[in-house]
Amino acid sequence: MTIELSRRGFCIGTALIGLQTVSSSAFARSEDGTVKLGLVAPMSGPNARYGAFSLRGAQMAAKEINGAGGIGGRKINILAGDSQGTPVEGVSATRRLIDQDQVDFIIGDVSSSVTLAMQPVAEDAGVLLLNAASSNPKITYKAGVGGFKWTYRNYPTDENRALIVLQYAAEKKGFTKYAVLSVDSDYGRAAIEFTKKYLPRFKSQILTEDYYKEGEVDFRSVLSKIRDSGAQAIIMYGNADSTPIVGRQMMEVGIAGKIPLIGNAEFNTEKTIKAAPKALEGAIEAAAWLPAYESEKSKAFVDKFTAEYREAPNNHAYVHWETTHLLAKAIEQAQSIDRDKVRAALSKIHYASAVGEVTFDDHNQARLPMILLEIENGKPAIKGAYSAEIDYPK
Amino acid sequence: MFYTIIEQVVNGIVSGSVYAIVAVGMTMIFGVLRAINFAHGEYYMLGTFGAWFAIEYFDLPYPVAIVIGVVATAVIAVVVGNFVMQRIVGAPAEAGVLATLGVALILQNTVILVFGGSYKFFSGGYIEPVTLFGFTLAEQRILIIIVGLIVFVGLELMVTYSRMGKAMRAVSQNIECCAVVGIDVRNIALWTFILGAGLAALSGVLTAPVNVSVYGGMGELITFKTLPIIIMGGLGNVRGTFVAAMILGIAESLVATYVGLQFRDTVGFATLMLVLMWRPHGLFSAQARF
């Protein structure tokens with residue numbers, strides 16, 4: 001009996017939902033004269049802090065745009081969806097935004113695995129998905145001429161990072177021999193794969209290759225091996241928490257100040273430098289953006305954000321602020337909120353961001369400069385913004 | 001080539017000393033209580049946190065912090081010993097596994113609840129490198145090797161000559177007979193446990209300066225490194241544990257150099273499998289004690 005009831009209930013429910021979807025999509029989107037922008041981000045769960053920063057950045061941009069009269073008279077209305085940092089929740093949040101909230105455009109998500117899951121959903125609905133913070137290269141391998149026409153990304157990938165770090169080390173430092181010491185995870189291993197892809201371009205080679213487990217505390221053996229190998233730098237894509245340990249043990253085996261760390265593992269934070277100042281000297285790291293970056297637009301953003309929210313912005317706040325402005329610019333140039341026209345405008349855009357000009361390649365990936373940092377005299381020094389053209393897999 | 005091997009052996013002895021101090025406590029607890037103490041790494045963590053707390057909040061010098069870390073852990077061990085470990089004496093093996101795993105979870109999560117889950121920075125200790133016979137080592141590591149040797153000589157003497165040590169050996173051989181001749185088994189169990197936990201804490205405080213990071217979950221890794229050592233050494237065998245710890249330390253160091261760092265943690269478990277297949281009673285005893 002109960003089974004019958006629930007089955008019937010299920011059928012009626014499904015029919016109702018179907019009816020509602022059909023009837024509501026009969027209405028034109030954004031009939032109220034606004035631009036409906038969905039923002040998918042982890043608003044709860046372990047990465048909730050990133051979601052909060054993302055939303056604040058996007059909201060601040062919307063406020064600025066609306067304060068200046070909107071986009072051709074249309075105000076931006078941001079509707080937030082919570083992905084909880086998981087693909088399942090990210091997909092349902094995206095569906096809700098598309099089916100119920102009738103958004104025209106979506107910005108999201110922070111984590112790569114969520115964005116990868118959202119891509120087909122946005123593609124089926126024909127809604128523009130503009131990613132602002134995921135770094136997995138696969139997202140745009142599969143976009144543009146790679147398949148998904150509606151996915152764009154305004155964020156440098158791990159591949160960009162690996163290439164730019166390698167390029168800087170080769171061209172500015174003259175390094176050709178490297179040792180690898182990265183974290184044994186998808187992130188750490190993939191970054192090394194990308195580095196290897198570009199080694200021939202800079203006539204460089206990897207002499208030793210080791211991966212450490214999260215929580216590893218004994219690096220003496222591997223660092224002694226690196227010392228004897230003749231490597232000029234250690235390529236490290238790793239955990240922020242392991243860097244101080246590696247730094248201390250570099251001092252012990254006597255390679256501190258001789259073989260610098262390059263890559264990405266929070267070399268530039270005060271805490272890390274304090275743990276092993278001599279080992280971190282000369283460390284090279286590439287970042288998408290950081291609050292200390294010297295550019296007028298960037299400084300103005302930091303000041304305004306800090307005044308508004310009484311907290312300094314992080315990378316996620318910045319990229320969502322910038323991406324919302326980028327999208328507004330594309331809508332403005334399209335002179336319409338027609339999605340096809342906006343997409344065409346986005347492909348052709350020349351947008352002046354706080355780190356440099358943004359254009360999109362045929363994979364809908366933004367050509368973005370990254371900011372290079374080098375630790376000098378115990379302080380991170382910004383060495384400027386660099387960009388490099390990546391090779392897509394054939 | 002030869003120099004590299006020697007240097008890696010030295011590196012192995014350094015990590016072996018750390019393993020040894022932790023493992024000897026665990027093996028003694030097993031000898032007396034017949035229970036693998038799955039919370040053993042947690043006492044290592046507590047010792048480190050105690051010292052970190054003393055340095056960070058009260059600005060105390062490192063030697064004082066060592067004492068505070070060990071004493072604080074011993075106090076916690078008295079509580080756990082009274083409420084949990086004493087009740088394991090004579091209980092079936094599952095009871096020991098469940099009880100100690102439970103204690104591990106409680107201790108770990110209490111620390112995370114109080115201090116937060118993030119990594120803390122341990123700023124005490126003697127980290128300046130010194131050169132000895134052509135090898136560079138942090139002063140702290142030399143301290144670890146020396147303390148490791150002192151602990152082992154001390155334990156050997158205690159177990160062989162002191163009344164308490166003799167009682168411990170007696171309890172590890174036959175609980176009923178001990179009761180008959182008037183040895184307070186529960187009391188011996190409690191003291192062994194406090195001693196073992198204190199040694200784990202000592203090891204934690206000594207390694208903190210070279211490991212830099214302090215966090216709630218740091219004990220787990222230690223427990224799982226220690227397990228193969230005490231089985232290799234022969235459960236309850238102090239001398240065997242010392243040698244097994246050194247073998248594992250050196251083997252790990254050589255694997256990290258010649259095979260790759262990512263394979264280092266497999267050494268312990270691969271050795272454990274081999275030992276369980278061919279010498280389940282440990283490398284150093286002719287027959288099983290338990």
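These questions and answers go through contacts and local geometry in a predicted model.

Q: What makes A:E252 and B:R141 a salt bridge?
A: The closest N and O atoms of B:R141 and A:E252 are 2.7 Å apart. The cut-off is 4 Å between a side-chain nitrogen of Lys or Arg and a carboxyl oxygen of Asp or Glu. The pair therefore counts as a salt bridge. Four salt bridges are found across the interface of chain A and chain B.

Q: What is the class make-up of the side of chain A that touches chain B?
A: That side has 16 charged, 11 nonpolar and four polar residues. The elements that give two or more residues to it are β7 (205-212), α8 (220-229), α9 (243-253) and α10 (270-275) of chain A.

Q: How many residues of chain A and chain B are in contact, and how much area is buried between the chains?
A: In chain A, 31 residues are in contact with 30 residues of chain B. The buried area is about 2600 Å². Carbon and sulfur atoms give 45% of that area. A:R220, A:R248 and A:E252 supply 25% of what chain A buries against chain B, more than any other three residues. The count of residue pairs in polar contact between the two chains is 16 (both at pLDDT 80 or more).

Q: How do you know that domain 1 and domain 2 of chain A touch?
A: Four residues of domain 1 of chain A are in contact with six residues of domain 2 of chain A. Contact requires heavy atoms within 4.5 Å. The centres of the two domains, taken over C-alpha atoms, are 32 Å apart. The area buried between them is about 420 Å², and carbon and sulfur atoms give 59% of it. A:P137, A:Y141 and A:V355 supply 69% of the area that domain 1 of chain A buries against domain 2 of chain A, more than any other three residues.

Q: What classes of residue make up the side of domain 1 of chain A that touches domain 2 of chain A?
A: Four nonpolar residues, no polar and no charged ones. Between the two domains of chain A the count of salt bridges is zero. One residue pair is in polar contact across this interface (both at pLDDT 80 or more).

Q: Why is the pair of A:Y187 and A:Y237 called edge-to-face?
A: The ring centres of A:Y187 and A:Y237 are 6.4 Å apart, with 85 degrees between the planes. A pair needs centres within 6.5 Å, and planes over 60 degrees apart count as edge-to-face. The search of the whole structure finds 24 aromatic pairs over all chains.

Q: What does the pair of A:Y187 and A:Y237 tie together?
A: A:Y187 lies in helix α7 (residues 186-198) of chain A and A:Y237 in strand β8 (residues 233-237) of chain A, so the pair ties together parts that are 50 residues apart in sequence.

Q: What makes A:E311 and A:R56 a link between distant parts of the chain?
A: Their side chains meet in a salt bridge at 3.0 Å, N to O. The limit is 4 Å. A:E311 is in the loop between α12 (296-309) and α13 (315-334) of chain A, and A:R56 is in helix α2 (residues 48-67) of chain A. The two residues are 255 residues apart. The structure holds 27 salt bridges over all chains.

Note on methods: Residues numbered from 1 in each chain as written. Chains lettered and ligands numbered in written order. Predicted model: local features only at pLDDT ≥ 70, side-chain atom pairs only at ≥ 80, totals over all residues. Heavy atoms only, no water. Domains from an automatic or database assignment. Buried area = accessible area lost by both parts, 1.4 Å probe. Polar contact = N/O pair within 3.5 Å; in protein donor to acceptor, adjacent residues only side chain to side chain. Nonpolar A, V, L, I, M, F, W, Y, C, P; charged D, E, K, R; others polar. Helix = DSSP H or I, 4+ residues; strand = E, 2+ residues; numbered from the N terminus. Phe/Tyr/Trp six-rings, centres within 6.5 Å; stacked < 30°, edge-to-face > 60°.
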